Amino acid sequence: TQTACLLLLLMLQQWQINQLCFEVDVEPYAKSRDATIAQLAAAAGVTVSSHVSHTLYDTEQLIAQNNGKVPVTMQSFTKLIDKVGDPQAALLAPAIIPPPGPFDELVSVPTLAEVGFTQAPTTIFKGGESQALARLEDYLRDTKWVCGFEKPQTDPSAFLRPATTVLSPYLKFGCLSPRLFHQQLLAIYRVAKGQHSKPPVSLRGQLLWREFFYTAGSNTPNFDVMAGNPLAKQIPWDTNPVYLAAWKEGRTGQWAQQQLRVTSQLQACLSDSTCMYHPSQHCPAWCD
């Protein structure tokens with residue numbers, strides 16, 4: 001991260017940039033990184049502007065609306081959202097985009113081989129905004145399915161057409177605006193006049209689950225680990241490396257790990273199963 005920050009500062013100076021705009025990231029590691037970048041840029045005379053777009057809401061404002069407290073249950077979070085109201089609508093896509101700067105070998109996108117991959121990609125899901133928008137349109141076209149969606153009823157073994165939208169990675173990597181997704185869901189719900197599933201099990205509920213964890217994670221010390229995390233139960237995990245390796249390689253009889261290893265993705269229901277089944281049955285420090 002330090003190298004990336006210094007490289008960015010070099011590019012700002014080399015390209016004679018006077019304004020730096022970036023998306024607010026609420027995860028602890030990113031907040032520290034972005035603070036460093038803002039400090040370096042300001043010292044170089046660059047104006048810094050950051051904007052909320054990775055989440056539906058400004059998580060700091062949500063915490064402020066909750067009397068400075070982190071919501072620790074989904075029920076309390078949905079009540080908070082009801083109080084705050086709908087998020088801002090997504091902005092329209094720009095008509096034109098300024099040309100990029102003079103790219104060279106320092107900032108060119110590396111090949112898979114250059115970052116250590118020795119095999120061709122095996123995932124069936126392709127990245128990018130075009131793929132994300134096409135998938136969003138495909139699933140939201142079926143308004144009956146949208147209105148009837150309930151997460152506990154989805155089928156994690158549905159592969160030809162997944163029982164969920166598989167839009168989570170596109171949201172994570174900035175290929176799809178969560179506000180656009182939310183905005184289009186609300187439009188469908190309005191036409192249904194209340195005849196649709198509700199959070200936390202509805203499709204909108206899945207976006208709110210995402211928002212809930214981002215909000216909690218942004219304001220909870222050590223949220224990504226157990227030690228020092230005030231919300232996590234402190235468990236004396238076993239650190240048996242043999243058991244951990246067997247689980248990582250899908251040799252414990254749970255085929256979810258095989259799906260993750262081969263396709264580089266894991267359906268939400270399977271990720272729940274993986275996180276809950278394995279620790280409860282074998283108790284290794286799997287977060288290692």
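Tutor: A helix here is a DSSP run of H or I covering at least four residues, and helices are numbered from the N terminus. This is a predicted model, in which local features need pLDDT of at least 70 and side-chain atom pairs pLDDT 80 or more, whereas totals for chains, interfaces and linings use all residues. Residues are numbered from 1 along each chain as its sequence is written, and side-chain values use heavy atoms, without hydrogens and water.

Student: Which helix supplies the largest share of the lining of the second largest pocket?

Tutor: Rolling a probe the size of a water molecule over the atoms shows where empty space is left. A pocket is an open set of points on a 1 Å grid over the protein atoms alone, where a 1.4 Å probe fits, with protein on both sides within 12 Å along at least five of seven lines; lining residues have an atom within 4 Å of a point. For the second largest pocket, α8 gives the largest share, four residues. Both α5 (129–140) and α8 (178–192) supply at least two lining residues.

Student: How are salt bridges read, and which residues form a network of them?

Tutor: A salt bridge needs a side-chain nitrogen of Lys or Arg within 4 Å of a carboxyl oxygen of Asp or Glu. The network links Glu137, Asp138, Arg141 and Arg161. Arginine 141 meets glutamate 137 at 3.8 Å, N to O, while arginine 161 and aspartate 138 have their closest N and O atoms 2.9 Å apart. The latter pair joins the loop between α6 (143–148) and α7 (168–172) to helix α5, 23 residues apart.
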